[in-house]
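I opened a new notebook page for this chain. The plan was to look up a handful of places and write down what came back.

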Amino acid sequence: MIRSIRVISNKVNLKCNNYNKIYRNFSTKLEDDLPVSFEDISRAAYRIKSGIKRTHCDVSQFLSEICDCKVYIKKDFTQFTGSFKERGGRNALMLLSKEAREKGVVTASAGNHALALAWHGKDLGIPVTCVMPYTAPLTKVEKCRKFGANVILEGAHIGEAKEYAQRELPELKYINGYDDPEIIAGAGTMGIEIIEQAPDVDVVLVPIGGAGLIAGVSLAIKTLKPHIEVIGVEPDNVASYAAAIKAGYPVNGFIEATLADGLAVPIVGPTSFVVAKRHVDYSVGVSEKMIAIAVLRLIETEKLVVEGGGAAALAAILPGGPLFGKFKGKTVCVPLCGGNIDTTVLGRVIDRGLAADQRLIRFSATVSDRPGGIATLSRDMADIGVSVKDIYHERAWLQSRIDQVVIKCVVETTGQAHSEKLLRYLEDKGYPIIRDSF
């Protein structure tokens, strides 16, 4: 998967000039008229309401205490297919001409956008073809098929899937998951709901991938209540919006793979960028560590399972995040925009979150290789109240004494203070300890 994403980053560099031309056309031609208007969003809200859930936007007492500000969470991951993508997808499908409806549409996606189009295409009686890369999660591929979509597996990554779709199926309308005006307008309906459900909001934090969501939401919010701050949040590993702001136009912002795979869009859409640049106050980046902790906090405090991209905005205001402490006394809304995380990935993300929290620690201790050496270490750890998750016995790489062995331990603690207490206790007992950091 990482190799595939690296291929994307190499290929998208070749396409930057095309994006630059498109963006410059927008920026010179549309100084006073953006490609998407608030009227487009308000009409979309009415148009899609029969098939889109008006998701809850509730105050979280736990997160408000942790983040030192009043926190609303907008639960858009509870849409039927598990993400906000349904808003733009349904809007785009409902705006098709009669001829396009009969022929059907095509898209390239590895996940949420494909699911949204497949489901709403079935509901509206519009044939949908989803070209998905070989790396797409099997669960999402199978769900698209169950929704009646024609699924074609083609390409090592989303870039090759898109090229195939546009080259081999030119007779079908291609729907871009984050840059078509209809998609942006549909996504913007979330902004209207936030204003209605959280009338006292001061700040809205929006995750950024291709920038379609933040373009629509910022346009809606700034039109209705210009004083509200709209701040973008993206993973440090794929800070494509920040790169575009710095350059003045969309450029490749990919560095490496991220837990927030739904936000791993190397180049923001040119249409989305021209809208977002006008209305977004600024953006920040969050580390992989903070994204993992955000997923963990939502599971533990709210009993919500959200994917990395869906939790990215929360990561910014948690302790250790770039915006922690900045909004004391203010009200912040955090959209949780996606919940489609594979169970195997979820397990890894939870472990990373626990490690970042220092509730899962790893260290090496040298003990006697005679009977009872490991048992004594285990009893000493039990005395401090830690739980051993994994233990590995290593003889060959210890060069000092033949009657000693290195024991590599992974243990669960209650946090940083408990971890430090354990390691100090073992060192005081005479164990040579080598600490590993997250």
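How many aromatic pairs does the structure hold? I found four. I note here that the model is predicted.

**Entry: aromatic rings**

I looked at Phe80 and Phe147, which form a tilted aromatic pair with 6.0 Å centre to centre and 45 degrees between the planes. The pair links distant parts of the chain, the two residues being 67 apart. I placed Phe80 in the loop between β2 (70-74) and α4 (85-94), and Phe147 in the loop between α7 and β5.

**Entry: the open sheet**

In what order do the strands of the open four-stranded sheet run? I read the order as β5-β4-β3-β6, with parallel pairing. β5 (150-153) and β6 (173-174) stand at the edges with a single partner strand each, so one side of each has no neighbour in the sheet. I then checked how β3 is held to β4 (residues 128-132): the two run parallel and are joined by four bridges. One residue I followed across was Ala108, whose bridge partner in β4 is Val131. Helix α7 (residues 138-146) lies across β4 and β5, and I noted its direction at about 150 degrees to β5.

**Entry: loops around the sheet**

I went to Ser109, which is in the loop between β3 (105-108) and α6 (112-124). Ser109 has a relative accessible area of 8% and is therefore buried. What does the side chain of Ser109 reach? I found the backbone nitrogen of Gly111, at 3.0 Å. Leaving aside neighbours within four places in sequence, I listed the contacts of Ser109 as Ala114, Val131, Met132, Pro133 and Ile158. Val131 in that list is also the bridge partner of Ala108.

I looked up Thr135 in the loop between β4 and α7. Thr135 is partly exposed, with a relative accessible area of 32%.

Ala156 sits in the loop between β5 and α8 (158-168). I recorded 31% relative accessibility for Ala156, so Ala156 counts as partly exposed. From Ala156 I went to Asp390, and the C-alpha atoms are 36 Å apart in space, the two residues being 234 apart in sequence.

**Entry: helix α4**

I asked how many of the ten residues of α4 are buried. The count is nine, and α4 is mostly covered. The buried residues include Lys85, Glu86, Arg87 and Arg90, and also Gly88 and Gly89. What do the buried residues of α4 pack against? My list reads α2, β2, α5 (98-103), β3, α6 and α9.

**Entry: helix α10**

Helix α10 (residues 212-224) has 13 residues. I took its reach from first C-alpha to last as 19 Å, close to the 18 Å expected at 1.5 Å a residue. α10 is mostly covered, with eleven of its 13 residues buried. Among the buried residues I noted Leu213, Ile214, Val217, Leu219 and Ile221, along with Ser218 and Lys222. I also wrote down the packing partners of these buried residues: α2 (38-48), α9 (181-197), β7 (203-207), β8 (229-235) and α12 (270-279).

**Entry: strand β7**

I turned to β7, one of the elements that α10 packs against. Five of the five residues of β7 are buried. Which residues lie on each face of β7? I have Val203, Leu205 and Pro207 on one side, and Val204 and Val206 on the other. Both faces are covered. β7 runs parallel to β8, and five bridges join the two strands. Leu205 stands opposite Ile231 in β8.

Conventions
Residues numbered from 1 in each chain as written. Predicted model: local features only at pLDDT ≥ 70, side-chain atom pairs only at ≥ 80, totals over all residues. Heavy atoms only, no water. Buried < 20%, exposed > 50% of the residue type's maximum accessible area, 1.4 Å probe, protein only. Polar contact = N/O pair within 3.5 Å; in protein donor to acceptor, adjacent residues only side chain to side chain. Contact = heavy atoms within 4.5 Å. Pairing = 2+ DSSP bridges. Axes fitted to C-alpha atoms, helices over the stretch in contact; angles between N-to-C directions. Expected span 1.5 Å × (residues − 1). Phe/Tyr/Trp six-rings, centres within 6.5 Å; stacked < 30°, edge-to-face > 60°.
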